[in-house]
Amino acid sequence: FSFINKCPYNTGYQVQLTIYSATMDVCSPSLVQVGSRRYRVQQSSSPMVIESAPVMDTLLEPEEGDLDNEEEDQWDPADEAAVQEEAKGVFVSRYSADCALFPILIGRGGSAKKQMEEASGAQIIFPPQQQSRNVVQVKGKSRAAVCKGCLRLRLAIDSALQSRLLDYNFFLSFPLANPLSVQKFIAFRHAVTSDTAFSASGLDPSSFMTPEHLHLTIAMLKLYSDEARYRAQMLLKKLQPQILELLAGPLQVHLQGLEIMNDDPSSIDVLYLQVHEVGPGNRLEQLCEKLVQEFASNGLLSPQDIRPVKLHATVINTRYAMRKAEAGAQRQQFDGRLLLQKLSSLDLGVVTLPAVHLSQRGSFDKETGYYSSLAVMQLN
């Protein structure tokens, strides 16, 4: 789900959606917790892609009675504290939210926005397209109406963040690029692209990872507000003393041995290097678990993304080639049997992990070539 140049609010905004056919036990469906509320979740099976489908409004179905009879004791105290009397009889509260959220929050034909306003009695005001400030206002004739509007808006944002419509925009990472690892990776790429024996594999040269982008991903994040990004920055800063105490010295990994994500080497999407911690203990695993737990408990990690970390260093991903292809191009796998036969023991050497970065997807530092960082937690 992406936007080009600007974030249009027109209700007919078109995207490509992947719709999942559902099999749900009506009597006892699985539930997901959003704040203090529970939602029924349809279990997905086979995907079906629909081209140019309009953005839908509500993605999570609330449990019966969850949003009925919204009394004051159901409001978030922070919502009520943020309400200000702007003028006599006019109350207002403000929410930080990126424009990428607006088409989902507004809905087709403004239906989602209208539903929130009718249910709360408050007005939800999105900033004009040309305005760079990403603040949504909730206005009403009473403090109670504004609190109800804030509740509705907050639940809608939580729902959007947990949906497949909204892509990850940040991630926690370990940079791997150093002079030796980059040199060895470039030699590997040259060995593959210059050997005519690999020409029939269907591997597009643009599928290789950019050497300066080599990294390990700890967790994918959806940080779609100034407030969320600030909290993530402060959390990394807060955790640094604990992490340094846990590590008690340099943390090194050995990048050796090619593996594939799927089970069929004749049809590969992702090729990666295995990651082996150097030295005794399992400090790397403990560090990753600590970060995932802390980001989850602070509401910065979606429930579906709370899982054990499988560290791997991607070297080839056919999605990279697809991004550079013409619009509508399909992702093309490649036959990696010969590559694995000849180069499966690829070794990029031992790398000292210098820091944990809060990295921004699709944005790169002009000096280092690595992903732009919102925050950096040094490990040494």
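Which exposed residues does the face of α5 turned away from its buried side carry? Select Pro179, Gln183 and His190: these are the exposed residues on that face. Keep in mind throughout that this is a predicted model.

**Stop 1: helix α5**

Now select the whole of α5, residues 179–193. Its end C-alpha atoms are 21 Å apart. That agrees with expectation, because 15 residues at 1.5 Å a residue should span 21 Å.

Next, colour the buried residues of α5: Ser181, Val182, Phe185, Phe188 and Val192. They cover an arc of only 125 degrees around the axis, so they lie on the same side of α5.

What covers these buried residues? Show β12 (252–260), β14 (313–317), α9 (337–343) and β15 (347–352), which are included in the cover.

Go to the N-terminal end of α5. Asn178 caps it. Draw the distance from a side-chain oxygen of Asn178 to the backbone nitrogen of Leu180: 3.1 Å.

**Stop 2: aromatic pairs**

How many aromatic pairs does a search of the whole structure find? The count is six.

Select Phe102 and Phe126. Their ring centres are 5.1 Å apart and their planes stand at 65 degrees, so this pair is edge-to-face. The cut-off for that label is over 60 degrees. The pair links distant parts of the chain, 24 residues apart. Phe102 sits in helix α2 (residues 102–106), while Phe126 is in the loop between β8 (123–125) and β9 (135–140). Are Phe102 and Phe126 buried or exposed? Phe102 is buried, and Phe126 is buried too.

Return to α5 and show the rings of Phe185 and Phe188. The centres are 6.2 Å apart and the planes at 50 degrees, so the pair is tilted. Phe185 and Phe188 are three residues apart in the helix, which means that about one helical turn separates them. An α-helix has 3.6 residues a turn, so residues three or four places apart point the same way. Both Phe185 and Phe188 are buried.

Then select Phe171, Phe364, Tyr370 and Tyr371. These residues form one aromatic cluster.

**Stop 3**

Move to strands β6 (residues 84–87) and β7 (residues 90–96). They run antiparallel, joined by three bridges. Pick Glu85: its bridge partner in β7 is Phe91.

Finish in the turn. Two residues lie between β6 and β7, and the strands form a hairpin. Select Gly89 there; its phi is positive, at about 80 degrees.

Key
Residues numbered from 1 in each chain as written. Predicted model: local features only at pLDDT ≥ 70, side-chain atom pairs only at ≥ 80, totals over all residues. Heavy atoms only, no water. Helix = DSSP H or I, 4+ residues; strand = E, 2+ residues; numbered from the N terminus. Expected span 1.5 Å × (residues − 1). Buried < 20%, exposed > 50% of the residue type's maximum accessible area, 1.4 Å probe, protein only. Arc of directions from axis to C-beta. Contact = heavy atoms within 4.5 Å. Polar contact = N/O pair within 3.5 Å; in protein donor to acceptor, adjacent residues only side chain to side chain. Pairing = 2+ DSSP bridges. Phe/Tyr/Trp six-rings, centres within 6.5 Å; stacked < 30°, edge-to-face > 60°.
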